[in-house]
Amino acid sequence: DFEKVKRLRFQVGDEVLANVGNWEHGTVVAIWDEGFPYRIHLHDIDQDVHAPCDMNDVIKAPPKIPSNLNNSLDDDDDSWPEEAKISQASWMEDMRNWKNAYEFSKNSPEKELFDKIFQNNKWINPKVNKWLCDGCCNTPDFVEEISPNIFSFQLFTTDFCNAIISEYERCETLASQTKQLRIVRPNSMNNYGAIMKNIGFQSLIDIMQDEILAPIAAALFPIVGAELTEQHCFLVRYAPGEDLGLDMHVDESDITFNVCLGKEFTGAGLQFCGMLGSPDHRHQSLRYKHSVGQCVVHLGAQRHGADDIVTGERINLISWNRNKVWRRSSGYMGPMYQLDYKREAGPPDLVCLSKTHDVDWETYCGPREGGRSFPWCPPDFARHVSDDMPTKEEIVK
């Protein structure tokens, strides 16, 4: 209706930037198309995509370059384009982060962690090290496929795990004592933990991705993991009274490496379901039990969530790795932008439902109480519907 259309920021014919893993120029060709606020034709790749919501991190206006822009402008001239001002702000933020990381790391007792050499002989499983030294030519025999496209293997030694935990806890203590230092939390889902580069580990995680994780990703996922061009590496912490578990979700990554560093705990298993956009997307496939130094590797589009911790404390090192070439492919954009999204094969398993993301949470689990929610999944055309759907009375009961 008119009010619904009026609330949208863009109309048919407007030039926009669409986030498809990177920002692409496009034109809005339809609004409220198949339940989505926008259908956008992308110029460079000559393809239509849907914007799942009308938010600035999904769709935004292209920058406006003022007509009087020229090389003689002063640094503080108000007519500089907006993206130039953003770049300056971003640069200042990078400088603050660099200083923050330097202050955290400069007096660390764990000096080896900040060398520009990854101590393979001391820090990683000898079988992994041998495979790397042999040129990564053979299928890695140290890996077990515990469920389709979900792999597990021993990656780090106990010494490495303890060193990372010790350094992280030292940084938490410093931040609590010094107002000038701050720890940046991992993401919007985790309130405890830290982004690795924020506490001085940029070199370590760069080397780890290039020399260890990238060869393994290419061997396990030859297409998606053919190259790793970006990463977001962070620590998460779960404990009673803090973050207990994590709602079902998919990662903002193409390949995820998740390693348990410690400590002692009960509960806190990892529940896996199906792939985004597949008929079994919300069907349980595996419950994984963490152990120290053990790594689980999976595609970012694999739905998963963390069971609540019962006792103790669990700290994990997680690396979200992205492949910018893969993100321009139909294999990525199809399910992510609901262009290729299969109808569910049956009713979802309750353990695979997401209170944050699933539009039919109330149908199966009752009122959506507490916390933030951004229901978008699954789209109407892919949702399972049958005569044996639970009634409201059954849900309340």
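By class, the residues lining the second largest cavity comprise eight nonpolar, one polar and no charged residues. This lining belongs to a predicted model, in which two cavities of 30 Å³ or more are found. The second largest cavity holds about 30 Å³ of space. Its lining is made up of Leu 155, Phe 156, Met 208, Leu 213, Phe 257, Val 259, Leu 317, Ile 318 and Ser 319. Serine counts as polar, so Ser 319 is the polar member of this list. Two or more lining residues are given by each of helix H6 (202–220), E11 and E18. Of these elements, E18 provides the largest share, with three residues.

Attention now turns to the largest cavity. About 170 Å³ of space lies within the largest cavity. A set of 20 residues lines the largest cavity, and those closest to its centre are Leu 246, His 249, Asn 258, His 304 and Ile 318. What is the make-up of this lining by class? Nine nonpolar, nine polar and two charged residues are present in the lining of the largest cavity.

Which strands each supply at least two residues of the lining of the largest cavity? They are strand E9 (230–238), strand E10 (246–249), strand E11 (255–262), strand E16 (302–306) and strand E18 (314–322). A link between the two cavities can be traced here.

Definitions and conventions. Residues are numbered from 1 along each chain as its sequence is written. This is a predicted model: local features need pLDDT of at least 70, side-chain atom pairs count only at pLDDT 80 or more; totals for chains, interfaces and linings use all residues. Side-chain values use heavy atoms; hydrogens and water are left out. On a 1 Å grid over the protein atoms alone, a cavity is a set of points where a 1.4 Å probe fits but cannot get out, and a pocket is an open set with protein on both sides within 12 Å along at least five of seven lines; lining residues have an atom within 4 Å of a point. Grid points are joined across faces, edges and corners, and a volume is the space filled by probe spheres set on the points. Helices (H or I, at least four residues) and strands (E, at least two) are DSSP runs, numbered from the N terminus.
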